[in-house]
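Hi,

Here is the structure I promised to send over. My notes on it follow just below.

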Amino acid sequence: MCCSDRSPFDTLEATFRLLAAGPQPLALHGRTIGLAVESIRLWDLRAILFHPATGVAVQRAALVALVGRARRRRGTWVVGLAGVLLPGLRQQISCLPEGCSGGTACPGGAVLAGLLERLDALGVPSEGIAESLLWTVVRPSAGAAPHAEARPRLAAVPGGSR
């Protein structure tokens with residue numbers, strides 16, 4: 001048995017590129033996720049999803065739509081979801097080809113297997129999985145999801161007027 005020089009992330013990238021940029025690319029209806037376009041290719045959605053100016057509401061809506069399709073339709077939509085998330089997955093861990101030898105599991109493969117386990121979690125709604133991916137893969141630097149009940153608090157400013 002021979003070991004490939006390509007990491008699971010490299011293979012995912014190549015497959016995603018074929019599915020998302022081809023003649024009939026995977027796409028979502030932009031208006032359903034808060035964008036002012038009829039159709040958005042997943043290739044373009046990935047750039048939007050990870051852009052710092054993109055709001056949480058659009059990111060959340062896109063992830064809910066992608067997770068829902070990946071859970072219902074599997075196949076190409078699982079690759080689509082993983083491909084869209086790939087920049088964030090790469091940030092979590094990098095898998096160098098020399099680390100993928102023998103019986104040792106490649107860290108990139110473990111990350112992708114973890115994503116599949118999330119999708120297959122029984123009793124967890126797609127919205128919950130999407131929310132988890134939002135805060136661990138797309139916006140990890142923002143930390144834990146803010147509580148819906150949390151309200152901004154006024155702080156006393158030294159020397160301020162009373």
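A nonpolar core here is a set of buried Ala, Val, Leu, Ile, Met, Phe, Trp, Tyr and Cys residues joined through side-chain atoms within 4.5 Å, and buried means under 20% relative accessible area, with exposed over 50% and partly exposed in between (1.4 Å probe, protein chains only). The largest such core has 37 residues, and L28, L42, L45, L63, L66, L81 and L85 have the most contacts inside it. Two or more residues each come from helix 1 (8-21), helix 2, helix 3, helix 4, helix 5 and helix 6; helix 4 gives the most, with 8 residues. Helices are DSSP runs (H or I, at least four residues), numbered from the N terminus.

This is a predicted model: local features need pLDDT of at least 70, side-chain atom pairs count only at pLDDT 80 or more, and totals for chains, interfaces and linings use all residues. Residues are numbered from 1 along each chain as its sequence is written, and side-chain values use heavy atoms, with hydrogens and water left out.

Take L63: leaving aside neighbours within four places in sequence, L63 is in contact (heavy atoms within 4.5 Å) with L49, L81, L85, A130, L133, L134 and V138.

On to helix 6 (residues 126-138), whose buried residues are S126, I129, A130, L133, L134, W135, V137 and V138. They pack against helix 2 (42-49), helix 3 (56-73), helix 4 (76-92) and helix 5 (107-119).

R74 is partly exposed, at 31% relative accessible area.

Cheers
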